[in-house]
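Please read the following report alongside the sequence and the coordinates. It moves from the overall chain to single residues and their partners.

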Amino acid sequence: RFNSTPMPRKKSIVAGTGYGKSTLVAAWAGDHPVAWYTVDRADRDPRVLAAGLTMALRLRVPGLIVDPAVLAGGSPSDDTHAAGLAGFLAESLTTHLRSDLALVVDDAHELDGSPSAALLAALCRHAPPSLHLVLLSQREAPFPIARLRAQSQVLELGGSDLAFTVAETEAVLAATLHDIEVRVTVFMPWHLWTFLETAPRVEIVYHSIHYLDLIRFFAGEPA
């Protein structure tokens, strides 16, 4: 589904940590022109986000320019200024972007409730059709996308789309598995066994049949 054509205006992958959002898109990016920007808390200031997006996009669109005075002005808590920054960036993209380009914004959930969410929303509205926004987030998009959904301009994937089924997991393990290493963290109540403090040597043997049950569940009985 992520390889769908024609590419919609916006793609979003919403899933928790460890589901492979970035891994999936990084593999996809190997065959597609992509500008990648990873958000952090500092990007809640729209001026910081605009500067970061400009730098990421410039790697793919060398002529892209946004006036530094525009980036330096305004307030970090002003939605109107954030939308204005997006307008300047969209205008420069319209002038210089000549072919399809995906702008990946990783960890977009960091922008929830900030003016920078308004910047992304405005960029999604005003950028040229050849720019496609890909949001990777642990929560829903930080701006409303109902209009884009109504226009069939959104592709959304969630954790259930990324998770392997049991059959897929079995197929991967059967094709690639050679060794399994199981690490277990256990709590040992040493404080209850004060007699051990005087023992010159202690050897602990720990075993659980559940390890074998786990392996048999995925790989079947050994041949």
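## Overall make-up

This is a predicted model, and every value in this report was computed from it. The protein chain has 9 helices and 5 strands, and, read from the N terminus on, these elements follow the order β-α-β-α-α-α-β-α-β-α-β-α-α-α.

Of the 223 residues in the protein chain, 37% are buried. When contacts in the protein chain between residues at least 6 apart in sequence are considered, 76% of them join residues at least 24 apart.

## The nonpolar cores

The largest nonpolar core has 31 residues, and those with the most contacts inside it are Leu53, Leu57, Leu103, Val105, Leu123 and Leu131. Two or more residues each are given to this core by strand E2 (34-38), helix H2 (46-58), helix H4 (79-96), strand E3 (101-106), H5 and strand E4 (131-137). Among these, H4 supplies the largest share of the core, 6 residues.

Which residues does valine 105 touch, leaving aside those up to four places away in sequence? Valine 105 touches Tyr37, Val39, Leu53, Leu120, Leu133, Val134, Leu135 and Leu136.

## Strand E4 and its neighbour E3

Strand E4 is mostly covered, with 7 of its 7 residues buried. Leu131, Leu133, Leu135 and Ser137 point one way from E4, whereas His132, Val134 and Leu136 point the other way, and the residues of both groups are buried. E3 and E4 run parallel and are joined by 5 bridges; leucine 101 stands opposite leucine 131 in E4.

Histidine 132 deserves a separate remark. Histidine 132 has its place in strand E4 and counts as buried because its relative accessibility is 5%, which falls under the 20% cut-off. The side chain of histidine 132 is joined to that of aspartate 100 by a polar contact of 3.2 Å.

## Helix H5

Helix H5 spans residues 115-126, and its 12 residues reach 17 Å from the first C-alpha to the last, close to the 16 Å expected at 1.5 Å a residue. The helix is mostly covered, since 9 of its 12 residues are buried; the buried residues are Pro115, Ser116, Ala117, Leu119, Leu120, Ala121, Ala122, Leu123 and Cys124.

## Salt bridges

How many salt bridges does a search of the whole structure find? The search finds 2 salt bridges. In one of them, the side chains of arginine 41 and glutamate 110 meet at 3.6 Å, N to O. Because arginine 41 lies in the loop between E2 and H2 and glutamate 110 in the loop between E3 and H5, the pair ties together parts that are 69 residues apart in sequence. Arginine 41 is exposed, with a relative accessible area of 54%.

The side chains of aspartate 45 and arginine 47 also meet in a salt bridge, at 2.9 Å, N to O. Are these two partners buried or partly exposed? Aspartate 45 is buried, because its relative accessible area of 15% is under 20%, whereas arginine 47, at 21% relative accessibility, counts as partly exposed.

Serine 92 lies in helix H4 and, at 7% relative accessibility, counts as buried. Not counting residues up to four places away in sequence, serine 92 touches Leu64 and Ile65. Serine 92 and valine 61 are 31 residues apart in sequence, and their C-alpha atoms are 9.8 Å apart in space.

Threonine 54 is found in helix H2 and is buried, with a relative accessible area of 4%. The C-alpha atoms of threonine 54 and isoleucine 65 are separated by 7.6 Å, although the two residues are 11 residues apart along the chain.

Terms used
Residues are numbered from 1 along each chain as its sequence is written. This is a predicted model: local features need pLDDT of at least 70, side-chain atom pairs count only at pLDDT 80 or more; totals for chains, interfaces and linings use all residues. Side-chain values use heavy atoms; hydrogens and water are left out. Helices (H or I, at least four residues) and strands (E, at least two) are DSSP runs, numbered from the N terminus. The expected span of a helix is 1.5 Å times one less than its number of residues. Buried means under 20% relative accessible area, exposed over 50%, partly exposed in between (1.4 Å probe, protein chains only). A nonpolar core is a set of buried Ala, Val, Leu, Ile, Met, Phe, Trp, Tyr and Cys residues joined through side-chain atoms within 4.5 Å. Contact means heavy atoms within 4.5 Å. A polar contact is a pair of N or O atoms within 3.5 Å; within protein, one must be able to donate a hydrogen and the other to accept it, and residues adjacent in sequence count only if both atoms are side-chain atoms. A salt bridge is a side-chain nitrogen of Lys or Arg within 4 Å of a carboxyl oxygen of Asp or Glu. Two strands pair if DSSP finds at least two bridges between them.
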